[in-house]
Structures are given as structure tokens and as C-alpha cells.
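Please open the model in a viewer and keep the selection tool at hand. The stops below are arranged so that each selection leads to the next.

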Amino acid sequence: MAHEPLTRAEVLLEGFLALDTPEGFRAELIEGEIVVTPPPDGDHEDYIGLVVDQVIRRSRTRMQFSGNKGLKLKSGEACPKSHAIPDGTFAPMELRLFKGAEPWMPCEGVALVVEVTSTKPQADREAKRRCYARGGIPLYLLIDRDESSVTLFSEAEGDDYRQHCTLPFGKAVALPEPFGFELETSEFV
């Protein structure tokens, strides 16, 4: 029986899904490019911990957190569906979004993703931002260590977010509903 030849995007996706990355590393498929990232340093994890602590204690809606959860996101142009692993993913607790989820889950129901820049800051600033917007994720929080700033992207539309607010470390960032509080960044300095 003859089979249709695989497209470039299908070959790339199959190759990506078959990767066996070394322990502690993570592989992502972002806008048609396979990105392998080494384990994060302690400062990276400290920023994530500070955000998680505030969200759990202060959010108006009880939130569930997952670190390094694989998300399937809509593709852009001729690329296969992107497979991103945010540093942090928040969803309302009542959804129990992570219970029974596959390693690569759809992003419906995700309220916020968080990225802390590390070895490839441009990917966090641009490619991942577009992927998260295409996925309809309402809020994207970027902690940019090189720029000593925090940016909250909101109002996802098409390939980008219509709104963004960038503040230097030390200034509070207003997280809208369902969070409804100001994220303090003074400890990021």
C-alpha cells in the first residue's frame, strides 16, 4: 500500500517527539526549531519560587502550578505545532488541568505562563511570546534577567499580545483577574 510522503513539518515533529534528551535538559519545538536547554541555575529557580509563593498566597482565585509542563500550541505558517515548556504554568485549581494530562497537553484553561530568561533570552522574548499568544494563553509573564525587568503580556490576539507592561525589578506588576493582585518584584533585585 502506497503512503503519502511526510511533509517537512511532519518529519520534524516526529523527530522531535522521538528525542531522548539527557537528564535535566529539556527539548522544545518552537516555531519549527528544536531548542534544547540545559538545567536552570539557582537564580532562575529562585525567581520562579518567588512568583509561585506570591500567586499561591495572594491570588483571588486558587491556582494550581506546574513547573516545566509541556504545552502543545498552534503552529505558525508552515511549522508543525509548537511544543513549549514554560518555566511555570498556572491554571485555576477548580479545573484540575494537570490531573491525568499527557506529557504534552493542550493549553486551553491555562491562565498564565512564566518564563525567566536564561541561555536563549531571544526565544523567551519573541518566539515563545508568539507561541503563547497563538495558543490563546491570556497572560505571559517574562522575567528578563539581562534587562532587570518584568513584562506582563496580555490580550492575546493572533500571533502576539495586544498589551504589554514592562517594569524594572523593584516595581510591582498588576496581575489582572483571575489573579487580582500586584506581584512584588523587589526581591528580584
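The tour begins with the whole chain and then turns to a hairpin, a surface patch and several salt bridges.

This is a predicted model, in which local features need pLDDT of at least 70 and side-chain atom pairs count only at pLDDT 80 or more, while totals for chains, interfaces and linings use all residues. Residues are numbered from 1 along each chain as its sequence is written, and side-chain values use heavy atoms, with hydrogens and water left out.

**Whole chain.** Display the C-alpha trace, which spans about 60 × 35 × 30 Å along its principal axes. The chain holds 3 helices and 13 strands, these being DSSP runs (helices H or I, at least four residues; strands E, at least two) numbered from the N terminus. Of its 189 residues, 45% count as buried; buried means under 20% relative accessible area, exposed over 50%, and partly exposed in between, with a 1.4 Å probe and protein chains only.

Select residues 26–30, which form strand 1; 5 of its 5 residues are buried. Arg-26, Glu-28 and Ile-30 lie on one side, and Ala-27 and Leu-29 on the other. In a regular strand, side chains alternate between the two faces of the sheet. Arg-26 stands opposite Thr-37. Between the strands of this hairpin are 2 residues, and Glu-31 takes a positive phi near 50°.

**Surface patch.** Next, select Leu-19, Phe-25, Ile-34 and Val-36, which make a nonpolar surface patch of about 300 Å². Val-36 belongs to strand 2 and is partly exposed, at 41% relative accessible area.

**Salt bridges.** Select Asp-144 and Arg-125, whose side chains meet in a salt bridge (2.6 Å, N to O). Asp-144 lies in strand 9 and Arg-125 in helix 3, so the pair ties together parts that are 19 residues apart in sequence. The term salt bridge denotes a side-chain nitrogen of Lys or Arg within 4 Å of a carboxyl oxygen of Asp or Glu. Asp-144 is buried at 5% relative accessibility, and Arg-125 is buried at 18%.

Asp-146 sits in the loop between strand 9 and strand 10 and is exposed at 54% relative accessibility.

**Last stop.** Which residues join Glu-31 in a network of salt bridges? Select Arg-130, Arg-134 and Asp-159 to display the network together with Glu-31.

Methods
Pairing = 2+ DSSP bridges. Patch = residues over 30% accessible without salt bridge, like charges linked within 9 Å, V, L, I, M, F, W, Y side chains within 5 Å. Areas by Shrake-Rupley, 256 points an atom, 1.4 Å probe, with all protein chains shown as cover.
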